[in-house]
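Subject: Structure handover and notes

Hello,

Please find the structure below. My notes on what was found in it follow directly after.

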Amino acid sequence: MDSMTGRSGLPRTVDVLIVGGGATGAGLLRDLARRGLRCLLVEKADLASGTSGRYHGLLHSGARYVARDAQAARECILENGILRRIAPACIEDTGGIFVATPDDPDDYVGAFPGRCAAVGIPCAEEPVAELFRREPALNRGIRRAFRVPDASLEPWRLVEANLLDARQHGSAALPYRQVVGMERNGGFVAAVSIADVRSGTVERIVPRIVVSATGAWAGRVAALAGVSLPMSPGKGSMLIYNQRMTDSVINRCKPPGDGDIMVPVHTVAILGTTEIGVDDPDHYEVTPAEVEALVEAGEALFPDLGRMRILRAYAGVRPLYMPAEVAGPAGVSAGAADREVSRAHVVIDHEARDGVSNFVSVVGGKLTTYRLMAEQTADAVCAKLGVDLPCSTADDVLPGQVAGHGYYWLGHRLAEHEAAGGGDATLICECELVTRPALEGFLAERMPCSLDDVRRGTRLGMGPCQGAFCTFRAAGVVAALGSAEAPDAAGENAADARAELAQGTLVAFMRERYRGTRPIAWGRQLQELWLSTGIYWGILGLDAFEPATAELPIEVGVGDGPR
Amino acid sequence: MARADVAVVGAGLAGLTAAIQLAEAGARVQVMATGHAATHWAPGGIDAGALPGSRTSLDAVERLARLEGHPYAFLADGLPDALAWLRSALGAEGLDLVGELTDPLRAIPTAIGSTRLAAILPDGMAAALPAWTAGETLVVCGPAGFRDFWPDAIAAGLRRPSTWRGHPRPARVEALTVELPGLAGRHNLSSLDLARFFDDPDWRATALEAIARALEGRPQEPGRIALPAVLGLHDHPAALAAARERLPLAPFEVALVPPSVPGLRLFAALRATLRRLGGRLQVGEAVHGVIGADGRVAELRAPAAAREFVLTAGAIVLATGGIAGGGIVAERAGSLVESVLGLPVDGPERGDWLLVDPFDPAGHPLEAAGIRTDVRLRPVAPGALERPLAENVRIAGSLLAGQRFLRQRCGDGVAIASGRLAALELRGSGSAPRSAAVVGAGREARS
Ligand SMILES: Cc1cc2nc3c(=O)[nH]c(=O)nc-3n(C[C@H](O)[C@H](O)[C@H](O)COP(=O)(O)OP(=O)(O)OC[C@H]3O[C@@H](n4cnc5c(N)ncnc54)[C@H](O)[C@@H]3O)c2cc1C
Ligand SMILES: Cc1cc2nc3c(=O)[nH]c(=O)nc-3n(C[C@H](O)[C@H](O)[C@H](O)COP(=O)(O)OP(=O)(O)OC[C@H]3O[C@@H](n4cnc5c(N)ncnc54)[C@H](O)[C@@H]3O)c2cc1C
């Protein structure tokens, strides 16, 4: 456990150092560990807090890509099938529907089923009467509807399961460790400097191979090795509605654009996305104009959308890699805001390209295809190491995957807890039904961590109250745990330090929540913001607490995300 | 069709103050509100004003009165009278308020282990007010298993000197978690559940006994004990007296997250007073009205299940509480809409509503949004301060433009001072004896 929590020191040498703890890095760690290599993954913030924790939540069937990127569509449907087998507990099988609204081009709609068939995506036309019976909130102007095997995919559990499997195969992942330097010895990365971002200490590690799976940050990491890797990060914004106005993923049957997909996720539904270039993957905001554009576009699917309550807005950064050498779909040139081409993934061997023999980057792609990206990267790594070891990630089920639930139902969380003998435990977060034992279990594994880490790990504070009533309770549980461990006076200081951290991160947490509410603060949601400000500022005096940012420099641009 | 001399919209501190004072003067009053007000959320004290660096509430009030456009500019003078009135009204219901406008503001412990500034508190919280003296201990004591009060976290926060905002602090802070009788298996108790337990004399005796026993081993030091604000809902005075008698340390209640038990006590006391004076209170409907060609509002309407409810009134007090209360609705398209009469709202452009940093002491520009009035509380358009838009309407409480109740901690002071002034205004405008007033109101409605 220690090797996972960041409490242990770093090993001095490893076969493969993986930089980046998103889906791609986690998948790669699992893959290489299962092939018998000794690997270490480092992530500069919390695991899955980058794009993987801030994406739209859709397990693609591939149908979105059939018109312009048949290769991507084919990869999606294959990986879709594989993930359903190896990660059932991370997937809610909502199914997906492509609907033709009056504005969608006839030729696109007409060709759609044939295109799906051509790449092997099951696609069945559904009579619109049946559609409206099942999804009554949809626009009555919809003319045709096609069912495809889209689904909703939970990223945090998926990443965790991959890391758990890697650990069971002898490899480790450390959060809050940032790669800050690489020593080049001619055409070779001789050593890598890794900073513990919570203590500031820097350690050196000597890997045989370094793989950068840092998504939108890949250009920065490559630069540390003296390699130029032009990335053009593209921000995509999404809106979280506080209800599931649909039980299926709804897509518009047209060339991909803004605000044309609604994904039901747990108790909410997420509308996305936009696409805007950003300079810095750590700092960006959702603008009111984007919110406006999303709601307007979404009204083509759900005419009442303008009156539904939005819980928050968030954004993620697409790891878009642009240069001409990308082996994209033939004949299509890449452009910065081009939705199809840029989704291709690519494994870059910096030996051939830049003369650095033991450095590999993997960028682009989709969360849906993370396993395939990992497999191809692992193949490249093995080839470099001169070993021929087969990939087993598509065949063996991930750990902890009790059969999926079908449709999501909030009560499952309580049912699971009761089945585990928890009885009627204290509910710390009422919206998401997080119990005190569940929270304590998470904390026992992960302390020291921020309340935002707690949110990703337990869903605490993700529901309609957006943390107004439960975050300070979580801080209370942290402090109570501390003093239970150290009841004597000597231990009081240690317990106080924990409480201080929790209270300090409470400030950071409220700030983070506010970032997500600000772009959508009108009507009820604004009233809610006023009330929670009243609670934390007026009643509780939160402003007297120092923010704990010194201990936990979770970049303001990270640590947000979908559910 | 219902009739009243004065219709008060909003059942918060401002609306109830106006309504009770009008009823005291013999007017027939009807209060209507969509729902419960800030009383059910807020800590139950009276915040008249607190600014960084101000020593007393009165200092803060005087500074605020000099700010451009702040309602204290014309309300500050009436504040001492309003407070004296509230004190006697609540006192008559057994709820005492402790502290004066001229008393120093103190750092009061909060339920997350921080502090907030206050000077005027209900009796149950008052032991937190006196400056901490050398050697004094604070014991933070909560029932085991209660989700909204975590003694360890609170004590840890209060042990940090920075938490006290430069104010005197206790020498030691200890946490104490006590199993209260019969609650062992109760995991999800609310503050209301606990308050009702404390209403029961037998239960509360054993509970206080348990706390007293848990305190027994301690050294005999001077000190105070902080308890969650759950010492009784309906019979708070008795519960408080019992706690004072049984516990070896001076007890004070700490306000919790909503629903606020001290706030509910305050609301119950004001409602009882209003009813005793013959005023009516109707909660559950959103009302709206129209300003007639004669510059008056003759009636208010509320959609009801069977048919529309119509209230004819000679005058109207709007005390709908701004954005938090629902009196102003901020729409997606960027307009700020006053929810009852559609009065023009003085507020920032959509793009300037909210700051990037939620904790910026300057506060969001939108916080100051509200209805502008003349010095007689008649609504005016932001650009035309001398021309009242409705002759028989008065604006009170958080709905008034120019205040920032959270950053300036002036919400309650503005509420009672404006509620009082609205009552004086509408009483002064010639309320005849009760029956005549009703007829008069009806005639106005028809004209
Ligand atoms: C708005 C949006 C919507 C999307 N929707 C979908 C969808 O519905 N379905 C789908 O399949 N895909 C979707 N995607 C794509 C998908 O989210 C990404 O392709 C995928 O998450 C990328 O994962 P990754 O592991 O490569 O990158 P990331 O998850 O970003 O991981 C990279 C990690 O590297 C870390 N890092 C960076 N620098 C350093 C350093 N120096 N040291 C240590 N660590 C470092 C970062 O903190 C980060 O956690 C979407 C993307 C966006 C932006
Ligand atoms: C959580 C919270 C914490 C606070 N903390 C502090 C603090 O620490 N310090 C401070 O100074 N102030 C604080 N305040 C604010 C302060 O309590 C209020 O500003 C003050 O009580 C003024 O109340 P009011 O009567 O003007 O309005 P409110 O108490 O908001 O009452 C508004 C009333 O109007 C009704 N209403 C609204 N629209 C309509 C309609 N269209 N039709 C019918 N009825 C309607 C509502 O249902 C409600 O009954 C806080 C407020 C909240 C919510």
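Which element gives the most to the shell around ligand 2? That element is α16(A), with four residues. Helices (H or I, at least four residues) and strands (E, at least two) are DSSP runs, numbered from the N terminus.

Conventions first. This is a predicted model, in which local features need pLDDT of at least 70 and side-chain atom pairs count only at pLDDT 80 or more, while totals for chains, interfaces and linings use all residues. Residues are numbered from 1 along each chain as its sequence is written, chains are lettered from A and ligands numbered from 1 in the order in which they are written, and side-chain values use heavy atoms, with hydrogens and water left out.

Ligand 2

The shell around ligand 2 holds 37 residues, and the closest are G35(B), A38(B), D47(B), S398(B) and G411(B). A residue counts as near if one of its heavy atoms lies within 4 Å of the molecule. The site is shared between chains, because residues from both A and B surround ligand 2.

- From chain A, a backbone N or O atom of G538(A) is 3.5 Å from an oxygen atom of ligand 2.
- From chain B, a polar backbone atom of L13(B) is 3.2 Å from an oxygen atom of ligand 2.
- Also from chain B, an N or O atom in the side chain of S339(B) is 3.0 Å from a nitrogen atom of ligand 2.

On its own, ligand 2 has 1000 Å² of accessible area, and the protein covers 97% of it. Accessible areas come from the Shrake-Rupley method with a 1.4 Å probe; for residues, only the protein chains shown count as cover. Elements giving two or more residues to this shell are α16 of chain A, and α1 (13–24) and α12 (411–428) of chain B. By class, the shell has 18 nonpolar, 15 polar and four charged residues. Here Ala, Val, Leu, Ile, Met, Phe, Trp, Tyr, Cys and Pro count as nonpolar, Asp, Glu, Lys and Arg as charged, and the others, Gly among them, as polar.

The A–B interface

In chain A, 54 residues are in contact (heavy atoms within 4.5 Å) with 54 residues of chain B. The buried area is about 4900 Å², with carbon and sulfur atoms giving 61%; this is the accessible area (1.4 Å probe) that two parts lose on being put together, summed over both. W530(A), W537(A) and I539(A) supply 17% of what chain A buries against chain B, more than any other three residues.

Between the two chains, 22 residue pairs are in polar contact (both at pLDDT 80 or more). On the side of chain A that touches chain B, α16(A) has the largest share, twelve residues. That side has 29 nonpolar, eleven polar and 14 charged residues.

Eight salt bridges cross this interface, and the count over all chains is 68. The rule asks for a side-chain nitrogen of Lys or Arg within 4 Å of a carboxyl oxygen of Asp or Glu. R473(A) pairs with D148(B), with the closest N and O atoms 2.7 Å apart. E299(A) and R332(B) form a salt bridge at 3.7 Å, N to O. That pair runs from the loop between α8 and β18 of chain A to the loop between β15 (328–330) and β16 (336–338) of chain B.

Ligand 1

Ligand 1 is surrounded by 34 residues, the closest being T24(A), E43(A), S52(A), L58(A) and T368(A). Backbone polar atoms of G365(A) are represented by one lying 3.1 Å from an oxygen atom of ligand 1, and a backbone N or O atom of L367(A) lies 3.0 Å from an oxygen atom of the ligand. Taken alone, ligand 1 exposes 1000 Å², of which the protein buries 97%. Its shell divides into twelve nonpolar, 17 polar and five charged residues.

Backbone points to check against

Cis peptide bonds join G272(A) to T273(A), with omega about -15°, and P258(B) to P259(B), with omega about -5°. Y176(A), not a glycine, has a positive phi of about 55° and lies in the loop between β9 (172–174) and β10 of chain A.

Regards

Definitions and conventions: A polar contact is a pair of N or O atoms within 3.5 Å; within protein, one must be able to donate a hydrogen and the other to accept it, and residues adjacent in sequence count only if both atoms are side-chain atoms.
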